[in-house]
Structures are given as C-alpha cells and as structure tokens.
Amino acid sequence: MPNSSSTSQPATTGSETASTSYVNYVEMSAEQEYFLYELETTDSGSMGLVLRAIYDTGDVQSFARALQQRISHYDKNIQKVCSFHYQSFVDAMQELMKLKEQCQDIKEETVAIDAEIQQISQRLCQKKQEIVRYRKLMKNAKTAMDQIAVCLPVLENYAKLQEQMSNRKYYQALKTLEELEHTHLALVEKYRFTQVLAKSMAPVRLEIKEKAYSEFKDFLENIKKVAGRIGKHASKDTAEQHSFGVTDAERAKKIQEEARKNASNVEIEVSADGSIVKKNMSPKRNMKMQVEDDEQVSAQDLIDFTPVHRCCQIFNVLGAKEEFEQYYRQQRKEQCDLVIEPTHKMNNFKHYVEYLDEIVGFFVVEDQILMTQSNLSTTVDKDKLWDNALMKIRQHLDARFGGSPDVLMMLKMKKVILLFILTMKSYGYAVAPLYELLQNFRDQYNEILVKEYCAQFERDLEKDNYTPITVNSEEEFRTIIRKFPFYKRSMEQEPFPRRFPFSPFVTDAYTQAKNYLIGCLKFMDNLQLNTSAVDDTVRRCANVLLGRWAGVLKSFVHKRLSMIQLVQITINLGYLEKSCESLGAFITSKTSGEEAIGTTSHQVVLSEKVFRDVRSEVEQQIDECMRSKVDEIIDLANYDWELPAAAGQASEFISDLINFLQTTFTSFTNLPSGLAKHVCTQTCKHISQSMSDFLLSPETKCISTGALDQFSLDVMQCEMFTTRCPVAGVDPQTLSMTFADLRQLLDLVMSSDWTTFNAEYGKDHAKYLRVKASTAIVVLEKMIEFERKSTGFFGIAKGDRKKLLDTIVRQLKLLEI
Amino acid sequence: MDTIKTVKVVVVGESGAGKTALLTCFLDNTFETDPLTTIGIDFKHKIVQLNDGQSIRLQLWDTAGQERFRQLAPAYIRSARVALLVIDLSDENCVEHLIRWKGIIDKNKSDFTSTIIVGNKHDLVSEKRSPRLTAIIRETNDEYIETSAKMRKNIKKLFSSVACRPFPEHETSQIILLNEPRPVESATKRCCQRW
C-alpha cells in the first residue's frame, strides 16, 4: 500500500515532491498514516466517517499532533517551490510590461477602425431592420389568415344555430349543433372565444330537448282538441263507405238504410256543430265556412303530424330515443285514459256522440302515427291501449244504458254505437266485444219492450168494455178491418149496424203486437245479422211477447171478473190465436220481403199454443163463475118441507134462476160452440145436483107429500128449460139427461110404484134404472118421519100409511144387500 | 116469528146511470171510478138487520141498461117487490130517460111492486133541478131520493127504504150497517164516467 500511495502522488504534485515527502516522515505509525491517507484521498461526503473512525480509536491527541506535523511539512515544500521560481517570475513580468504597451497601441487603432465601420454601415443596418419587420409582419398575417380560415365555419354555424333556434327549427338547430361540436369546434378548442362559445352551447341541447317536449305537448293538446272532429269525419266516411258493395237485389233496402244512416249522421252533425258553436262562438257564416272546409279533407288531414316526426328525429340525434318512446307511450296512455273516461255530466244523447267521436279520433291518430312512425309505437302497444279502452267503454255504456228504460234513447245509442263499431273496424281495431255489447243491449231493449207492451196489454184488458165491436157505417167497418185481419164474407152484405165478434181489446192487442215487432226490428238494423237470423230473432221475440201476454191474462182472469167479461175474453182469445198467422206474415214482409217464400219451411213458428193454457183457465173461471151465480140464486130457495099442498107453480127462485140462465146463455151466442155447450151442460148438472142435495140433505128431517109435489114442479121447470135448447147445437135429449136421475126418483116415490121397482131392480132395462135403493130409502124415511109427526095431530087413520111405508123400507133394505 | 123476510129488488135505468155503482157501494163499501158496463143481468144478495131486530134478505137484480138487453128487464120487474129507477142527474137527457123507464115499469109491474126513483150522481150537479123533472116527480106517487154512490150519500137511507117499505109493520125502521164505510176517496180522482 505505501508503494501505491507513492505512485499516485507524482501524478498530481510531481515526482520530486512526492518522493521527498515520503522519505522524511517514515517514523509515523501505520494507523496514523492510514487515517491521513484517507483524509487526503476521500471526498467530503465520507469525511464524517473518517473522523468518526478517528474518534472511535480514542487517540485523538496523537492524531492531531501527526496532522500538525504533516501541515508544517507541506508549508515548507511550498516555500521551496516559490523560491525556486522567483527569477523566472520577474523576467516574465518585464516582458508583460512591454506587451502592455504594444496592446494599447493595437486597441487604439481598433477603436478607430470600429468607429469608421459603424459610421459606414449605419444605413445598411437601418435597411436590414426594415426588412426584418416587414417579414415578420407577413408571417403574422399569414398565420392569422390560416387560423381565421379554420374559425370561420365555427362562427357561421354558430350564427346559423342562433337563427334556427330563433325560428324554432329545432331539428336543424340540433344538426348544426352536432356538426359544430364534433367537426369544427374540435379544431379551435384553444381559443378563448371558442371556449365561451362551447360553454354557451351546452344549454342549447337541453333547450332543444325542452322545446321538443314542449312542441310535442302542444301537438298532443292539439290532437286532443281536434280528436272529436277527426272522429266525426271518420264516422262519416265509414257511413258513406258502408253502402259499397250493395247488390242489385238489396239496393232498395240499402237505400232505405242509407236514408236512416243519413238521418243518424245528421243528428251527429248537429250535435257536433252545436258543440262547435258553443266552443268557438263563431259567427254563423264562419262556422259554415269551417264546416265546408272540413268536408273537403279526410279524417287524417285534420291534423299535422309533422311535430311528432320531428320529435322522433330530434330525440334520435340527442341519443334519447328510448326516453322519448317511453314518454310518448305514457302520454298517449294518459290521454287515452282521459278520453275514455266520460265527463260527469254525461246526461244526454249529444254527450255520448261527442264521447265516442273523441275516442274514434284518438285511435285514428294512433293508427296514423303507427303507420308513419313504426318505431315510436308498436301494434302491440296500440292493441293494448284499445283493449283497455274497450273494457272501459263497455263499462260506461253498460252503466248508463244497462238499466235504461228509455227505448228511444236505446235505439239512438244503438245507431251511434254501430257507427262507432264500423268506424273502428275500418281502422283495424277488434270490435267483437262491442257487437256483444250491442246484442246485450238488444236483449235489454227487447226486455224493456216486452215489459212496456205487457203493461199496455194489461191496461187494454182493464179498460176494455168487453162488448163486441159495433160499427154503424162503411167507414167504421173499414177502419176495423184495417186494424185487425178479420174476414167473413157474409159480413160485408149485412145491414148496419154490424157486429164483430171480438171486443176492442183484440184490435188494440194486435196493433200493439205489430208495434212491438217493429220496435224489435229497429234495434236489429245493421247488427251484422243476415235476413234469416233477423227473421228468426223477431219470431222468437214475438213468442216471448205472446208467452208474457198469456201470463198476464192468466193473472187477470183470477180477479173478480163477471161472467160476460170471461165470455168475451174467451172469444177474444180465439181471434188472437188466429191472428198469429197474420203476425207471421207481417214479420216476413218486414224482414225478408219477397224472398221469404223459399225459406218458409225453416221459419220459427209463432206459438199460438201459448194461449191454450190461459184459454183453459178462462173456461174454468167461466165454469166457476157460473156455478157461483147459480149457487147464489139457489141459496134463495126457501122450501117448506111440511107444505100440505103445492102452490101450483114453480118456486120463485127457480123462475129467477131460469131467467138468469136464459139471459146469460143469450150472450153465449158468440162463444165457440164447444165451450157454450160445455158450460150449459155443466150448469145443468150442477143445478140437478144441488136440487138432489136439497132432497137428500140430513138437515131436512121430514118431507110432506105437498112439499114433494112443489119440488117436482120446480124440477119440471128445469126440464122444460133444457128442452128449449138454450145453447145452439146442444142436443136436448142429452141436456135433459142431466135431470133424469132426479126425475125417476120423484116419479118412483110420488107414484109409489114400488112393486115395479122391486121386481126390476138390478135389471138392464128397469123403468127406474137410475134410482139406487139407498137413495129411495133416504126419501122414504123422511116421509115416514113426516107421517110420524102427523099422527099425533090427526088421529089413528094415518097409522096405516106409516105401516105401509115401513114395510117398503124393509123391502128396499133387502134390495141393498 | 124469527124467519128472514125476503125483498126482491130490480134495478133499472139508462146505461151509465150508476146502477151497478149503487149496488157495489151498498154491498162492498167501494166505488169503482171506471166500472164495466153491465151485460145481461147480474144477481147479488145481502141480509141486513133492522134496528127492531128483524132480518131482511135483499135480492138485488142488476140489469143492463143497453138497448140489446132491454127486453130482459120486464120479467124481473114483474116479480120484483121494489123497482129502483136510477137516473143520472148530470145527464141532460135524464128527464127523457126517466119518462121511458117509468113507462116500462108501469107497464110491467105487479100490484105489489113499488117504485123508487133514484137521482144518482148528486155530487156532480148543483142544487137546482129542472122544472120538468120537478113536475114529473111531484105528479107521481113514487118515492124520490137523490144519491151519490161516489160520495156514499143517502145510500143507507135508500136501502133502508127498500128493505122496510114492503112491510107496514117496519115502516119506521132503519138498517143497521154492520161495516162502517171506507174513507171517502180523494177529490182529485176522476169522476165516474158515463157510458
């Protein structure tokens, strides 16, 4: 190591100095040498480490002395070198003093030359400066032009944007904005003014969005206002188109229907016009002009759909397409809910016309938008809206008309609803539920009609005079014939006054039946039913009415009706039954015209049998009424069963009874002969039975011969009555048989023909075949009782008669066994 | 005796005079504002009690006033004990009708038949009567009474007279009504119609 240290020293201070130094201090310790070496060679960064090492050895004083020695050593070397080079230094200084003088001369000369050059080149510098300035100017100008060229489109488009915003052309503005932002502005971002522009453009997008929404809301508001008129036009178009495809065979019928539709449209138009007048309060002239203008355009032309298309484009560019679609559907749904919810004041026909027109208008617009902007809404969305609306519409119409008793209103509404159905159908909406609604209305309508006509029927029954119609002139006669189809050839030859067999009730009921059928037909016009379906339905309606009428009649005849009322009702029923055939022909003429001939075999048959039950009921009531009257009169009987001798003439009550019967049966001349005979026969049977009951009653304890004679006279009066044929067509022999039992009994007892009776009893050809032994015994016992009472008053002579009667009774009792 | 006495009564008069209404009012205490026209003849009866204890059975024969049934009336008039001739005071032809029906009765009645003239619909006319009517009533020996079936006026009096007149021993007796009449119907109801 020391050798290495020695080698490095000469390189820096010279070989002589190094060698000398080394040789002089050979006595130092190796450690101190190392430390001094490190201090001499290390940099200042490691100085601390060396000093620390020194202090760590603990011999600081010794090191300090060694250090001081080395410092003295170096000072001595420096003095030697200085002494050695002193003389050269002095020589050099002298040369320098000479050189100084020479340089001063050069300097003065240079300064003079420089001044000269400066003076000469001053103009040149001036020119050069000008050139530099002009060149810089040109460069700046070029740069400015280039930058301005880049900025110009920005400014142009910005101005355009402002103008378009002012003119509310938002879509164009949006396109301009897009171009500005993505094309031009990117190139000039560094400029302050463009930053200001960019900042001011940020709200423009938002403003466009808001404006677009605002315009769309205006659009919605506009179509809301115009929807009614759109609906009106669509309905009118439908009404006109509906007459297309009319075959020659149906032309006349279609013309008639067309006339009805026109009337219906006129009603609608009047309502709409009235509404317009109320809303606009325009002078009549302007209103007319407006209406005329409306006539020239189709339903879709009443509204400008541009705003909705523009909004679609705007939102598409804005990247908010989904948002707008949702907004659109939501708004339309809310608007639809508003439209299908009627106002609270829906209380007359006009309001319903307006209500349905609004709905038609709404869905026409929706259909139009769907066709022209298919991405905004879908068929599914539209159908969903319609299905929901349909349900609500049905609810509202049902709620209002489901219980309506007003048939005229229902007819009007049927026309309006039908037009609504056809209109919606022509735009592709499903209308089956509405047809169901109409058919429900038809059923309700028919039910209301039936109730009305049943009430009328009952009123006719109540107010009828139950007297055959009498006419006093040909005119009156023709009037009745026109009302009711009654044909009796001989009647036209009869002198006046002429009598019809039926009472006014029949003509009234027939007229009401026809009116009812016409009412049913009115509702079924254009209800998508073919001719045969209409015919069948009307016939079923007719049967319903007839059935109801029969029910009303059945209830009616259970009131306290007089005999003559019941009789006339029976007669009337016969003619009502016959009129069913005429009603059938009436229906045919109203529904099918001449075409019916081929389909007659398939027609629903009008049910004339419905009156069969009620007819039986009436006949039964006649029987009961007659029996009741007979009983009332028979109650007047006041037989003195102990009468000593007959009065010689019939009892008063029998005379009255027979007079009553004659009077009553006189009024039976118009009855069906079967019924008249039946009533007559039944009545005679009843009288006979009542008389028998008198004779055989346990309450009658005794009977005198005189009483029997009187009783026999009374029976004889009845028999004479039966032989006078009180009712045409009754066989006198048959009628007389009703009293035969009683007559034989009386003859037997009064003539005391017991021998014959006993001898022939039980034989087929017995004279007293109809008399039972038990019956005879009852009468005989009453006679015996009378004899027993008489004996006490008149002496023994009667005793023999009593014994005889007793004997006969014993014999008869043997016969019974 | 405790036996029930019987009085046969026939009611005649022009159609629509109110014959049936009179009987209905008496029998049922009701008034039909729109009654049916009687056709042929109708029969009703009622047992009434007199205030002296006697029971009377009234046989009431209600005849039809229409022309076609007119020939039936004589038979009943002949056997009737009392004939009620009902005229409509509100009918301007009531005098003519009275004359005609009285002729029919006088021609057909028996010796024991009494006639009572009933001026019905008293409620529809003023108190003043036509001189001809007054003169005819004065001339006749028949009893005359004015009634209103609708207002139930004089009905009891009429039928008391009907029940008692044939029996001198009950000359001054009165009918005891077993049922009180129903309340008078509203004045706003229609008046009975003439047929």
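The following dialogue goes through how some terms are applied to a predicted model.

Trainee: What makes the pair of A:Tyr453 and A:Tyr516 edge-to-face?

Mentor: The ring centres are 5.6 Å apart and the planes stand at 75 degrees. Rings pair if their centres lie within 6.5 Å, and planes over 60 degrees apart count as edge-to-face, so A:Tyr453 and A:Tyr516 are an edge-to-face pair. The structure holds 9 aromatic pairs over all chains.

Trainee: Which parts of the chain does the pair of A:Tyr453 and A:Tyr516 link?

Mentor: A:Tyr453 is in helix α15 (residues 432-463) of chain A and A:Tyr516 in helix α17 (residues 504-524), 63 residues apart. Both tyrosines are buried.

Trainee: Why is the pair of A:Phe457 and A:Trp549 called stacked?

Mentor: The angle between the planes is 15 degrees, and the distance is 4.4 Å centre to centre. Stacked requires planes under 30 degrees apart and pairing requires centres within 6.5 Å, so A:Phe457 and A:Trp549 qualify as a stacked pair.

Trainee: What does the pair of A:Phe457 and A:Trp549 tie together?

Mentor: A:Phe457 lies in helix α15 of chain A and A:Trp549 in helix α18 (residues 531-556), so the pair ties together parts that are 92 residues apart in sequence.

Trainee: How do you know whether A:Phe457 and A:Trp549 are buried or exposed?

Mentor: The relative accessible area is 1% for A:Phe457 and 2% for A:Trp549. Buried means under 20%, so A:Phe457 is buried and so is A:Trp549. In chain A as a whole, buried residues make up 42% of the 817 residues.

Trainee: What makes the contact between A:Lys142 and A:Asp146 a salt bridge?

Mentor: The side chains meet at 3.7 Å, N to O. The limit is 4 Å between a side-chain nitrogen of Lys or Arg and a carboxyl oxygen of Asp or Glu, so A:Lys142 and A:Asp146 form a salt bridge. Both residues lie in helix α5 of chain A, 4 residues apart, about one turn of the helix.

Trainee: Why do A:Lys142 and A:Asp146 fall into separate accessibility classes?

Mentor: A:Lys142 has a relative accessible area of 55%, and exposed means over 50%, so A:Lys142 is exposed. At 40%, A:Asp146 falls between the limits of 20% and 50% and therefore counts as partly exposed.

Trainee: Which residues of chain B meet in a salt bridge?

Mentor: The side chains of B:Lys102 and B:Asp106 do, at 3.4 Å, N to O. Because B:Lys102 and B:Asp106 are 4 residues apart in helix α3 (residues 94-108) of chain B, about one helical turn separates them. A search of the whole structure finds 2 salt bridges over all chains.

Trainee: How do you know that B:Lys102 counts as buried?

Mentor: Its relative accessibility is 14%. The limit for buried is under 20%, so B:Lys102 counts as buried. B:Asp106, at 37%, counts as partly exposed.

Trainee: What makes the contact of B:Asp88 and B:Ser90 a polar contact?

Mentor: A distance of 2.6 Å joins the two side chains. The cut-off is 3.5 Å for a pair of N or O atoms, so the distance between B:Asp88 and B:Ser90 meets it. B:Asp88 is in strand β4 (residues 82-88) of chain B and is buried, with a relative accessible area of 4%.

Methods
Residues numbered from 1 in each chain as written. Chains lettered and ligands numbered in written order. Predicted model: local features only at pLDDT ≥ 70, side-chain atom pairs only at ≥ 80, totals over all residues. Heavy atoms only, no water. Helix = DSSP H or I, 4+ residues; strand = E, 2+ residues; numbered from the N terminus. Buried < 20%, exposed > 50% of the residue type's maximum accessible area, 1.4 Å probe, protein only. Polar contact = N/O pair within 3.5 Å; in protein donor to acceptor, adjacent residues only side chain to side chain. Phe/Tyr/Trp six-rings, centres within 6.5 Å; stacked < 30°, edge-to-face > 60°.
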